[in-house]
Amino acid sequence: MKIKKTKKYKGENIDITLYETKLNGTRISQEIVEQGNAVAVLAIDDDDEAILVNEFRYPVGHVLEIPAGNVDKGETPLKCAQRELLEETGYKAKKIERLIRFFPKLGYNTQIIDCYVATELTKISEPNLDEGELITVKKIKFRKLLNMINNGKISGSYTICAALTYELKKRL
């Protein structure tokens with residue numbers, strides 16, 4: 001299948017490209033947001049508390065979510081997960097494993113998010129935030145996190161995917 005690509009916008013963190021092709025005789029034209037991959041880390045301590053960050057996210061405002069960030073060029077998703085956990089919370093995990101990989105905006109965005117669960121945590125520093133990050137760290141019981149998702153108080157896709165996948169894997 002031949003695909004014609006036309007760059008419509010080039011930004012600092014995203015590009016927008018028009019993809020055009022024919023499939024079964026039908027012309028298909030779609031604008032796609034091209035964005036780098038990201039990770040998210042569900043960190044669970046020995047008291048079954050999740051380490052969350054309260055972060056300002058324009059245009060929504062302050063949201064409670066798990067630590068997350070963009071994978072840097074040449075960085076593996078696992079190394080990124082370790083780095084983001086430490087930078088945003090000051091915690092280091094002795095054990096970290098991938099939970100799930102998903103497309104948060106399937107059909108119009110190229111980004112893939114790898115979610116990890118981190119356990120056997122040690123607080124080794126204060127958060128080391130990037131310029132412009134407004135984050136405070138908060139610990140809540142994992143069961144409360146699930147209730148907040150169920151009640152619509154947490155709406156970020158990677159937090160929901162990581163928490164529900166973790167709960168499902170515990171039950172299987």
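Accessible areas here come from the Shrake-Rupley method with a 1.4 Å probe, and for residues only the protein chains shown count as cover. This is a predicted model, in which local features need pLDDT of at least 70, side-chain atom pairs count only at pLDDT 80 or more, and totals for chains, interfaces and linings use all residues. Residues are numbered from 1 along each chain as its sequence is written, and side-chain values use heavy atoms, with hydrogens and water left out.

View 1. Helices (H or I, at least four residues) and strands (E, at least two) are DSSP runs, numbered from the N terminus. Their order along the sequence is β-β-β-β-β-β-β-α-β-β-β-α-α. A box of roughly 60 × 40 × 30 Å, taken along the principal axes, holds the C-alpha atoms. The accessible surface is about 10,600 Å². Carbon and sulfur atoms supply 51% of that surface.

**View 2. Helix α2 spans residues 142–150.** Phe142, Leu145, Leu146, Met148 and Ile149 are buried here (under 20% relative accessible area, with exposed over 50% and partly exposed in between; 1.4 Å probe, protein chains only). They lie on the same side of α2 because they cover an arc of only 160 degrees around the axis. The arc is that of the directions from the helix axis to the C-beta atoms. An α-helix has 3.6 residues a turn, so residues three or four places apart point the same way.

**View 3. The buried residues of α2 pack against strands and a helix.** The strands are β4 (38–44), β5 (49–57), β6 (61–65) and β10 (135–141). The helix is α3 (157–171). Contact means heavy atoms within 4.5 Å. Glycine 152 follows α2, with a positive phi near 80 degrees.

**View 4. The structure holds zero disulfides.** A disulfide is counted when a pair of cysteine sulfur atoms lies within 2.5 Å. Cysteine 80 is buried, at 0% relative accessible area. Cysteine 115 is buried too, at 0% relative accessibility.

**View 5. Of the 172 residues, 41% count as buried.** Take the contacts between residues at least 6 apart in sequence: 56% join residues at least 24 apart.
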